Structure formats: C-alpha cells, structure tokens
Amino acid sequence: MVALFQSQENIVGEVVIEPIHGKKVEHNGVKIELLGQIELYFDRGNFYDFTSLVRELDIPGELYERKTYPFEFSTVEMPYESYNGVNVRLRYILKVTISRNFVSNIVECQDFVVRNYTPPPSINNSIKMEVGIEDCLHIEFEYSKSKYHLKDVIIGKIYFLLVRIKLKNMELEIRRRESTGSGPNTYVETETLAKFELMDGAAVRGESIPIRLFLSPYELTPTYRNINNKFSVKYYLNLVLVDEEDRRYFKQQEITMYRLLEAS
Amino acid sequence: MLNGAEDEEKWLAEGIAGIQHNAFYMHRALDSSNLKEVLKYSAQMLSELRTSKLSPHKYYELYMRAFDELRKLEMFFKDESKHGVSVVDLYELVQHAGNILPRLYLLCTVGSVYIKSKEAPAKEVLKDLVEMCRGVQHPIHGLFLRSYLAQISRDKLPDIGSEYEGDADTLKDAVEFVLQNFTEMNKLWVRMQHQGPGRVREKQEKERSELRDLVGKNLHVLSQIEGVDLEIYKETVLPRVLEQIVNCKDDLAQYYLMDCIIQVFPDEYHLQTLETLLGACPQLQPTVDIKTVLSQLMDRLSNYAQSSADVLPEILQVEAFAKLSNAIGKVIEAQVDMPAVGAITLYVSLLTFTLRVHPDRLDYVDQVLGACVKKLSNIPKLEDSRAIKQVVALLSAPLEKYNDIVTALTLSNYPLVMDHLDNGTKKVMAMVIIQSIMKNNTRISTSDKVEVLFELIKGLIKDMDGADVDELDEEDFKDEQNSVAGLIHMLYNDEPEEMLKIICTVKKHTMAGGPKRLPFTVPSLVFSALRLVRQLQGQEGDIVGEEVPATPKKIYQLLTQVIEALSTVPSPELALRLYLQCAEAANDCDVEHVAYEFFTQAFVLYEEEIADSKAQVTAIHLIIGTLQRMNVFGVENRDTLTHKATGYSARLLKKADQCRAVYACSHLFWVDGQDGIKDGERVFLCLKRALRIANAAQQMANVARGSSGPVTLFVEILNKYVYFFEKGSQQVTGAAIQGLIELINTEMQSDSATPDTASDAFLASTLRYIEFQKQKGGLMGEKFESINL
C-alpha cells in the first residue's frame with residue numbers, strides 16, 4: 001500500500017527517528033526531500049529529478065531518544081503522474097537523510113503515487129474514417145469519441161462498403177506505445193493490452209457491426225505526451241480484420257486517454 | 001483421406017468434452033458463488049460453439065448441451081444474493097469477455113434476467129441485444145445465437161397485456177424486435193448458400209433446410225403476439241416480412257417463408273391482405289415452387305370459407321377470386337420456365353377454390369378453364385404425365401362439384417381444355433364424364449348439349465387420328481362402349497320434337513363409330529328411338545293441325561338406316577333382334593306395312609346372313625315369339641309370315657331343334673284374347689308334325705348309337721297338348737293326350753331306352769299336374785276327367 005496524492009496537494013507528515021536502545025546518534029543535520037524522478041532503464045539506471053524540494057528537520061547535534069519531526073510540503077507541483085512502464089519509470093519519493101561525519105549518511109525512502117485528474121475535455125470529436133484496399137475491401141468505421149477516460153466505453157460501428165475477401169473475424173486492439181529517449185536514442189515499445197473480438201464470420205456488403213468495448217477491465221493510464229522531454233505514452237485503437245488465410249488487415253487510430261475528475 | 005462423417009463425429013465429441021469440462025468448473029464456481037470464476041468458465045464453455053467444423057445437425061447437438069448449461073447460469077444470475085452484483089453491473093461485466101460469441105450468449109442470458117428484474121424497460125434491453133448480435137456474421141453461429149435470443153425473449157416481449165408492457169409504442173417495439181431478429185436470421189440463412197464450392201452444394205442445401213425452422217420460428221412468435229391485430233399485420237408485419245422474403249432472392253427461403261406466412265397467420269388476415277401477399281408472388285425467384293404456396297393459400301381460404309357462413313361475404317367483398325386469378329396469371333407470366341404441370345396445378349387450385357367459394361359463379365369456372373386453355377395452347381404437346389393428370393383433375397373438379405354434367409356442358413372452355421389431352425387421356429376423361437352422368441342420373445335434355453357432350457367424349461365414339469388400334473385392350477374397350485351405350489339412355493327429353501333432335505344427333509355421332517362400336521351403340525339408339533315412337537303413339541290425336549316434325553314415319557326410316565348400319569359389322573343376329581323389336585313397336589303403333597317391312601328385313605337376314613345352326617335356332621324362336629304377339633297383320637300378311645316361320649322351323653338342322661321350333665310354331669295359330677286367331681286345326685297339325693319329328697329323332701338315335709335318346713321331346717310335346725287342351729282346342733282331345741302318354745310310357749319301357757332322371761321328373765310333374773286338374777273339379781276338372789292315366 002502506498003500513499004496517493006495529486007498535484008497541488010499538501011504533503012504533510014512526520015518523521016520519527018528512534019536510535020537503537022541506549023545508543024546516541026551523532027549527526028550533521030536531518031532533512032527530508034520530496035523528489036520526482038524519471039528513471040530510464042536503458043540509461044544504466046540514471047535518473048533525472050524533475051522536482052526536488054527540501055525541508056531541514058534538525059540542525060547538527062545528537063539524538064538520544066525517539067524524536068518526532070513533523071514536516072509539510074505545501075501545494076506541491078506534481079505535474080506528472082507516477083508511471084511504471086517497460087523502459088521507463090516515473091516516481092515520487094520522500095527521502096529522509098541523516099547526515100553524519102565519517103560514516104555514511106542514513107537514508108530512508110518512501111514512495112508515493114501521484115495521479116492527476118482532468119475534467120472531461122470540452123472538445124471530443126468522433127473518429128470517423130473510410131479505409132480499404134482497392135476492389136477488395138472497403139469499410140467505414142466510427143468511434144464515437146477520440147478522448148476516453150479510463151473507465152470509459154468505446155462505442156462505435158464498422159460499416160462494410162465492399163467485401164471481396166473471405167473474412168474470418170475482426171477484432172479491436174488497444175495498444176500502448178511507450179517511447180523513451182530522444183533523437184537516435186529513441187526506444188519505442190508497443191504492447192497490446194486488449195484484444196476484443198468484434199465480429200465472428202464474414203460480413204457482407206451493407207452490414208454494420210456494432211462496437212462496445214468497456215475499458216475498465218484493462219490497466220490503462222492516461223496518455224502522457226513528452227513527459228519532461230524524456231518519454232511519451234500513447235494509446236491506439238487498432239482495428240484488425242483477419243481473412244481465412246490468417247492475413248491481417250488493420251487500421252490504427254490514436255486515442256487520448258485521460259483520468260476523469262469525477263464530480264462528487 | 002479421412003472420412004468426413006467420422007471426422008465430424010470426432011469434432012463433435014471434442015466439442016462436447018470441452019463443454020463438459022468447463023461446465024464442471026463452472027458448476028463448482030456456481031456452488032461456491034464465485035462470480036469471476038463462473039464468468040471465466042462459462043465463457044470458455046461457450047467458446048466451444050465457435051467451431052466451424054460441424055454441420056448444422058451436429059452443431060445443434062453441441063448447442064443444446066450449452067443451452068442446458070446456460071439455464072443453470074441464468075438461475076445463478078437471477079439470484080443477486082449469491083453473487084452480490086446488481087443486474088446492471090452484471091450486464092456490463094459479461095461484456096468484458098474477449099470473444100464475441102461467448103460474450104453474446106452471456107449477454108443474452110443476463111439480458112433475460114435484466115428484463116425480468118424490470119430495472120430497465122424490456123424494449124431497451126431487447127433492442128440492445130438484437131443490435132449487438134450483429135457482431136456474429138458466421139451463418140451457423142449467428143443463427144443459433146439469434147435463435148437463443150428468440151428463445152429467451154419469447155415470454156418477455158413488451159406485448160400488450162404482458163407484464164413487460166411499456167409505453168404507448170410498446171407493441172411496435174415488440175414487433176420491431178422480432179422482425180429485426182427475423183430479418184437478420186434470414187440474411188444469415190440465405191448467406192449459407194453462397195459458401196463453399198459447387199460440388200457440395202447439394203449437401204449444403206440439405207443442411208440449410210435443416211435450419212429453416214430456426215428462421216420460421218420468428219414468424220410463429222409474431223403470430224403469437226397478442227397485440228398483432230389485422231391492422232398491425234397489414235401495416236407493419238406483412239410488408240416487412242415480404243420485403244425480406246423478396247429481397248433475399250433465395251428460392252429455398254422464399255418458398256419456405258411464404259409457406260410459413262400462410263401457415264402461421266390466421267386466414268382472416270390473409271383474406272384482408274390478399275393483394276399484398278399475392279403481389280409478392282411474381283417477384284419471387286423463378287425457381288420458387290409458387291404453385292404449392294398458392295395452392296396452400298387457396299386451400300386454406302376455401303376451407304376458411306366453409307368454416308362459417310359469415311366468412312363468405314367477406315371473401316366476396318375482397319374479391320378474392322379476381323385477385324387470385326390475377327396473381328396466378330402474373331406468376332405464370334413471370335416464371336417463364338415453369339413447367340406445364342406447375343401452371344395447371346395452379347389452375348386446379350384456383351378452380352377448387354372457385355368451386356368451393358363461388359359455386360354459383362359458372363363464369364368464374366369458365367374463366368379459369370379459359371386461362372388454362374390459353375396456357376396450354378402455348379405448349380406444343382402435353383406429354384408430361386403429371387401435367388396430364390392435373391388437366392384431368394381440372395376437368396373432373398366441376399363434375400364432382402356440380403354432380404351434373406349439364407353444368408359443365410355450358411362451360412365454353414371445357415371442350416377446349418380437353419382438346420389438349422392425348423387420345424388415351426381423352427378416353428379416361430370421357431369415362432369420368434359418363435360415370436358422373438350415370439352416378440348422378442343426370443338427364444341431358446337438349447340436342448345442343450348432346451352435341452357438346454359427344455364432342456367431349458368423342459374419344460370413345462370414334463377412332464381418333466393416330467390412335468394405335470392394336471393397343472386397345474379388349475376389356476377396356478367393352479367397358480367403354482357399354483358405358484356409351486348406357487349414356488345414350490340418359491339423353492332424354494319428354495318433348496318429342498327435341499327428343500328427335502337428340503336422337504338424330506346421337507345417330508350422327510354413333511354412325512361414325514365404325515364396326516367395332518356399332519354393336520354396342522346401335523341397340524341403345526334403337527331402343528331410345530322406339531321409346532319415342534311409343535310415346536308419339538300415346539300422344540297421337542293430341543297434336544292437331546300444325547306440321548309435326550317428329551313423326552313415327554321419320555323415326556322408322558331412321559331406325560331402318562341405323563340397323564342397316566350393322567351390316568357393316570356384320571352382326572346379323574343383333575340386327576335381326578332389333579328388327580323384331582321395331583316390328584313390335586310398329587305393331588303397337590298399329591302400322592301394318594311398317595311392321596311387315598321390319599319382319600321382312602328380319603327374314604331376309606335369317607335367310608341370307610344367319611348360317612350358324614345355333615344362331616338359327618335362337619333366331620327362329622325370337623321370330624316365332626315376336627310374330628305370335630303381333631296383332632296388326634291382316635290374314636294375308638300373317639299367313640305369309642307364319643308360313644315362312646314354320647317353313648324355317650322344319651328346315652333346322654337338328655331334329656330336336658326342328659321338333660321344338662315346330663311345336664313352338666303351334667302358338668302362331670292360337671293367340672289369346674278376343675280378336676286372337678284360334679285355329680285349332682293348324683295347331684294340332686303343328687303338334688303332330690312335331691311328334692313325327694320326335695319319333696324320327698328317336699329312331700335316328702337308335703340307329704346311330706344303339707340307344708334312343710331321352711323322352712324329353714315327347715314330354716315337351718305333351719305339355720303343349722295339355723296347354724292347348726286347357727285352352728279349349730277342339731282338335732287336342734283327352735284321348736290324344738292319353739295316347740301320347742301311353743306312347744311315352746312305351747318308349748320308356750323299351751329296351752333301348754336310356755334312363756334319364758331329368759325327363760323322368762319332367763314327366764312325373766306333368767302327370768301330377770293333370771291329376772291335380774282332375775281333382776280340382778269344376779269345368780276344368782270335368783274336362784280332364786276324360787284323360788285316363
């Protein structure tokens with residue numbers, strides 16, 4: 001279990017330090033830091049702090065007994081959400097450091113999670129497109145929205161204008177594309193999070209097939225665009241038609257995911 | 001290569017095993033109320049239905065297994081206390097399944113619970129379900145899925161009066177749902193046809209037809225919806241269903257569904273929507289068996305017409321006949337390749353309908369026949385035996401209905417239809433007509449009708465062109481001709497003038513019949529004419545002044561011609577009999593010269609044509625018998641004729657025949673009645689002559705065989721003696737009788753006598769009679785006293 005916060009929240013707490021019974025601890029000061037880090041796995045574990053806040057908890061001295069330090073970070077700006085991807089991790093930590101001379105500092109970290117909610121977008125156009133292979137297959141598909149929240153439902157339909165190939169089935173995939181790095185060092189990782197069969201058998205001309213895909217069962221995150229110039233996470237709907245010889249015909253469309261601020 | 005059927009068995013077994021396996025885990029999950037597991041295993045179980053390897057028949061087996069399990073699942077879903085999830089959430093939850101087929105089965109199952117819970121209007125849920133099912137486009141999968149949908153929704157339609165009734169449009173929603181499911185199912189069903197290569201087409205067609213009831217079930221459901229009244233049916237249901245039927249352009253589906261409509265909806269609806277229903281027929285594929293469909297419809301309507309008296313006006317009001325007739329015309333026009341049998345069958349059905357519904361409208365009947373003639377005239381030659389059968393049915397129907405050929409004779413197109421039959425069938429039909437007349441004792445009473453009738457049965461009356469005479473079956477021919485002979489007696493009118501016309505018409509036709517037919521038809525014609533003669537005789541005196549066309553004279557001329565025709569056969573025996581009949585009629589009409597003429601003809605025949613001794617014997621007895629009854633002749637004519645007759649008698653070949661003929665001649669001289677000739681002298685002469693011949697016969701037998709024959713002849717002559725003795729002939733005395741008896745006794749006791757029980761008994765009873773007369777007393781007793789036995 002980890003604590004969950006969102007941007008602009010006050011992060012308030014206390015740090016309790018209790019030396020091992022009967023021993024005194026000499027130190028050069030105690031501080032607590034709030035760090036927002038992006039860790040790129042391929043970069044040999046280097047990470048970048050995009051947020052770093054410090055509170056001094058104690059001046060140098062000695063500790064003889066259990067001592068409690070309250071702390072507070074007020075209205076902390078945490079623009080990015082925690083994310084744990086294939087090649088990248090974005091995390092928030094609270095780091096307590098007891099500085100010491102001659103011996104190594106005592107460091108203790110505590111992760112917490114940040115999620116940021118957004119209100120429903122004011123503009124949310126449908127996705128509508130006609131695609132096809134000349135003289136083989138022409139379809140028109142429509143997704144009612146281009147932006148979905150995480151518990152949303154994708155509603156839409158596929159209209160068959162021309163079918164000259166022997167279709168076996170049709171599915172809708174939700175794909176996540178995580179790209180990290182920049183320039184020549186860009187790493188792209190694509191995962192298929194959902195495979196949802198839309199049609200069994202072959203539709204004929206004039207047929208329209210409904211789409212209704214509930215997103216809640218899948219572990220999705222909001223779309224992240226160019227987070228601190230380090231990474232992006234994008235979502236796509238991939239419509240796949242499979243023919244009897246298992247050839248796949250597909251069309252991919254980006255959708256934007258967001259975390260809905262639920263009006264309570 | 002593996003055997004296809006074996007493979008299929010294997011796949012089915014695998015599918016069943018898969019269902020059982022997952023059902024086992026599903027049951028466990030059900031028992032422990034573990035919703036997540038339930039959904040997982042039920043979806044896996046239903047995945048078995050995704051197979052494409054099974055034929056419809058085997059797939060059905062698999063489906064039924066899954067179906068049973070789904071019912072358990074539904075029970076579980078219904079009990080919220082077990083899984084703790086509201087039905088609304090459940091409805092979403094099952095849609096998370098990744099594969100569409102299991103997803104939709106589960107959705108339908110929850111949907112059923114959802115409607116029952118009444119948390120959402122039935123129409124919303126149904127609409128959603130029927131819409132979502134579009135995702136399954138695989139024909140067999142889709143058909144069974146939608147059939148499942150139909151099954152679970154049957155008792156949950158928002159019908160009027162149902163507990164799921166919704167707002168004002170509730171009925172529309174219910175109908176719309178079923179119609180949509182029907183349309184989609186039919187599309188899937190039709191699509192099956194277009195799959196796979198041609199060589200397996202036949203098998204596919206068979207498999208397809210196994211599935212038809214899944215589609216038809218929807219129509220049945222529609223007919224069961226309470227709220228579907230005539231108006232809804234007319235405005236919505238029928239047009240929509242027909243639209244689908246016409247548009248699907250598939251002959252199997254079109255035939256089946258048209259039939260389905262006719263069967264499942266009430267007759268009253270059909271009647272009121274006849275135009276729409278029939279309007280669809282010409283639009284169907286040319287290969288559709290419309291004739292059966294329409295026949296069914298007409299059958300139903302005509303049964304309906306007879307179900308109650310209230311119905312008939314309704315039928316008249318909607319002009320059912322005109323509509324049906326019109327539709328049939330259009331169908332035949334549209335289906336150029338329809339074989340003759342199809343078209344004719346349609347006309348038979350229409351005719352049946354007409355006869356049952358409009359028995360009084362002969363014009364309709366004639367109209368149907370006329371339409372049929374038109375169709376037939378486009379066919380060069382009717383050879384299809386089934387088509388011929390139908391034509392016979394077409395022609396027989398009015399006869400059966402009206403029990404009266406006269407009605408049929410007024411139908412101008414009736415003979416035209418018959419013209420299209422081959423000779424053999426024409427005969428069969430002619431027999432049907434004749435039998436109808438005979439059975440119903442129908443009298444044909446005008447010469448015009450007779451003319452038409454003979455035109456109809458001409459196959460029996462004369463040899464047809466091209467008919468193969470050799471192939472005639474003798475028995476059949478006899479039957480046919482006997483029927484014609486019988487028929488002639490049914491042609492009758494009390495009015496002599498018309499009757500003469502009838503006779504002339506019959507004569508005209510029968511004379512053309514040729515030597516084989518004349519012996520059968522001529523006697524009937526003769527007797528028919530003789531009846532008229534006698535009738536005229538009875539009426540004579542009533543007719544005054546005006547020229548009477550029907551005179552006995554004319555008829556006698558006609559008769560002579562008719563009988564003379566027999567000479568071509570030749571059949572002198574028959575002609576002789578007929579001449580005698582004519583003579584007798586002439587006698588009754590008191591025309592001596594005519595009677596004499598007929599006798600002359602008979603004698604000429606006897607002398608010139610009848611050579612066979614047996615035939616002579618028969619003929620001479622007929623002549624004697626007839627002549628005896630004649631009282632028209634003057635002495636001179638009579639003498640001539642009796643002289644001839646006795647002469648012929650004595651010249652017969654066998655002595656016994658001579659003897660019998662001669663003693664029979666005795667009657668020619670003794671006729672009972674006041675004016676009767678009573679010439680005892682010549683009677684006695686005849687008898688004595690007979691006795692002489694008998695003696696001679698006896699002696700000849702003695703010489704030839706060494707034994708005399710039985711005394712039968714003597715006993716016969718004895719009887720004649722007794723007869724004339726009783727009648728009071730002076731010449732036949734008691735002594736003569738006594739003498740004869742003694743003669744007989746002597747004969748019997750002679751050594752050469754052959755004992756014969758029959759003649760012994762004959763003698764004994766003759767003697768007993770004499771004894772009896774003696775005992776009786778009175779005048780007769782006294783008379784017989786003189787005979788001593």
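Buried means under 20% relative accessible area, exposed over 50%, and partly exposed in between, with a 1.4 Å probe and protein chains only. This is a predicted model, in which local features need pLDDT of at least 70 and side-chain atom pairs count only at pLDDT 80 or more, while totals for chains, interfaces and linings use all residues. Residues are numbered from 1 along each chain as its sequence is written, chains are lettered from A and ligands numbered from 1 in the order in which they are written, and side-chain values use heavy atoms, with hydrogens and water left out.

Q: Why is Lys187(B) called partly exposed?
A: Its relative accessible area is 31%, and partly exposed covers the range between the buried and exposed cut-offs.

Q: What makes Lys187(B) and Glu184(B) a salt bridge?
A: A salt bridge is a side-chain nitrogen of Lys or Arg within 4 Å of a carboxyl oxygen of Asp or Glu. The closest N and O atoms of Lys187(B) and Glu184(B) are 3.4 Å apart, so the pair qualifies. Both residues lie in helix 9 (residues 170-191) of chain B, 3 residues apart, about one turn of the helix; helices (H or I, at least four residues) and strands (E, at least two) are DSSP runs numbered from the N terminus. Salt bridges with shared partners join Glu207(A), Glu131(B), Arg134(B), Glu184(B), Lys187(B) and Arg191(B) into one network.

Q: Is Glu184(B) buried or exposed, and how do you know?
A: Glu184(B) has 6% relative accessibility and therefore counts as buried.

Q: What places Glu173(A) and Lys195(A) in distant parts of the chain?
A: Their side chains meet in a salt bridge (3.4 Å, N to O). Glu173(A) is in strand 15 (residues 167-180) of chain A and Lys195(A) in strand 16 (residues 187-200) of chain A, 22 residues apart. Glu173(A) is buried at 4% relative accessibility, and Lys195(A) is partly exposed at 48%.

Q: Why are helix 18 of chain B and helix 19 of chain B called roughly antiparallel?
A: Angles run from 0 to 180 degrees between N-to-C directions, with axes fitted to C-alpha atoms over the stretch in contact. Under 35 degrees counts as roughly parallel, over 145 as roughly antiparallel, 65 to 115 as roughly perpendicular and the rest as oblique. Helix 18 (residues 320-334) and helix 19 (residues 340-357) of chain B pack at about 180°, their axes 11 Å apart, and are therefore roughly antiparallel.
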